[in-house]
Amino acid sequence: MVTELAKGVYWVGVVDWGLRHFHGYELSTHRGSTYNSYLILDEKVVLVDTVWGPFQDQLIANLREIIDPAKIDIVVANHSETDHSGGLPAVMRYIPKATVVVSSRGEESVEGHYHQPWNFKKVKTGEKINIGKNDLVFVEAPMLHWPDSMFTYLTGKNILLPNDAFGQHYATAFRFNDQVDQEELYEEALKYYANILTPFSNLVTKKIEEVLGLNLPVEMIAPSHGVIWRQDPIQIVKKYQEWAAQIPQKTAVILYDTMWEGTRRMAEAIGAGLAAEGIPFKMFYMAVSDRNDVITEIFKAKAVIVGSPTLNQGVLSTLTPVLEDIRGLKFQNKIGAAFGTYGWSGESVKLLEEHFKNCKIPVVAPGVRAKWQPKPADLAECVKLGKTVAQAIK
Ligand code: FEO
């Protein structure tokens, strides 16, 4: 259902209640998502972003509720990833000569996805396009979260359209932030930040300073996923500043996999050591845990404690994806520790500690290894490790 944000500005996107995996199977989306597309009626008719390809017919039907799609003059493609550009071919069939506004890196990537000779117009930060009473002002936002990403600002209505930034994978009955459950909203906004934007935190801080420095009044922030920030829109900007600083809570996350429960018992003993020192922790059995939810918990915590038995001179393969995420997301201000059982060769703890080193996460105490099933002395070492990590957290 089409929603009017301000006079002449409409949400014409799609709510995808059924989405459970995004970026292929890279990211879990327990609460679905939305693909937000915005139609602006001024002397020129502008469409900002489209929807994911499978929903292109719904986009066209939404547009038809307001105008004939053939009347669109300008399409802004803030970002080329197909959840936002997928509807472009369907829209462009109505308006093959229309201008497609892209960032300086956007032409290459939009053309690379669709191989169409559309009439691209590249814009740089600060450039404006007059659309009648109001202007579109563009701000390039490379690495928020792709090199081509761009924000569009609509003067007069004072609406910022920042594409993925400030978004959430959150399907809801209503379109605005003041109409939804706040706890769910912030859970999804943080999960989005932790799993997608963490490695670009320094750029997030600089970009926010740059946008605030433009002194543009912002009455609404309308991202390309989830709800539109209408009530106190700057609240999410402040949250992004806070998240970008990556100041962790005084908590720990223990993640492990286990073959015959020995590494699990070690994990629990480490938890007992943390708790004895008053440090809250969460524990995840990675064989059955959602990797993206675990990443969100790691984002919040100070300490990451990883355990694996040794198998084939390595760690259990269920841990490999989350270890790869920890590397790629470039977390700051963390500390680490490792543990695990072994029967024969016993490399897992050393490999985990090397991984921490590669991730620039300091290991605060030597890892604990237990041969076969942990003995009481091994478990006592684990409790001690938990206490040592707790001291480092404090
Ligand atoms: Fe980078 Fe929502 O796509």
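Predicted model: local features only at pLDDT ≥ 70, side-chain atom pairs only at ≥ 80, totals over all residues.
**Exercise 1. A bridge in a sheet**

Solution: Next, look at the two strands involved: strand 15 (residues 159-161) pairs with strand 16 in the parallel sense, over two bridges. Strands here are DSSP runs of E with at least two residues, helices are runs of H or I with at least four residues, and both are numbered from the N terminus. Two strands pair if DSSP finds at least two bridges between them. Now zoom out: five strands make an open sheet in the order 12-13-14-15-16, with mixed pairing.

Residues are numbered from 1 along each chain as its sequence is written, and side-chain values use heavy atoms, leaving out hydrogens and water.

**Exercise 2. The whole chain**

Task: Describe the chain by its helices and strands, its box and its buried share.

Solution: Begin with the elements: the chain has twelve helices and 21 strands. Then take the box along the principal axes, which the C-alpha atoms fill at roughly 80 × 40 × 35 Å. Last, of the 394 residues, 57% count as buried. (Buried means under 20% relative accessible area, exposed over 50%, and partly exposed in between, with a 1.4 Å probe and protein chains only.)

**Exercise 3. Around Ser224**

Task: Say where Ser224 sits, whether it is buried or exposed, and what it touches.

Solution: First locate Ser224: it is in the loop between strand 16 (220-221) and helix 7 (234-245). Ser224 counts as buried because its relative accessibility is 1%. Leaving out residues up to four places away in sequence, Ser224 touches Thr34, Tyr35, Asn36, His84, Asn163 and Asp164. Here contact means heavy atoms within 4.5 Å. With His84, the side chain of Ser224 also makes a polar contact of 3.4 Å. (A polar contact is a pair of N or O atoms within 3.5 Å; within protein, one must be able to donate a hydrogen and the other to accept it, and residues adjacent in sequence count only if both atoms are side-chain atoms.)

**Exercise 4. Two ring pairs**

Task: Classify the pair Tyr186 and Trp229, then the pair Tyr256 and Tyr285.

Solution: You'll need the rule first. Rings of Phe, Tyr and Trp (its six-membered ring) pair if their centres lie within 6.5 Å; planes under 30 degrees apart count as stacked, over 60 as edge-to-face and the rest as tilted. The whole structure holds 14 aromatic pairs. For Tyr186 and Trp229, the ring centres are 5.7 Å apart and the planes are at 55°, so this pair is tilted. Tyr186 lies in helix 5 (residues 182-197) and Trp229 in the loop between strand 16 and helix 7, so the pair ties together parts 43 residues apart in sequence. Trp229 is buried, at a relative accessible area of 0%.

Now the other pair: Tyr256 and Tyr285 are stacked, with 5.5 Å centre to centre and 10° between the planes. Tyr256 belongs to strand 17 (residues 249-256) and Tyr285 to strand 18 (residues 281-285), so the parts they tie together are 29 residues apart in sequence. Tyr256 is buried at 6%, whereas Tyr285 is partly exposed at 31%.
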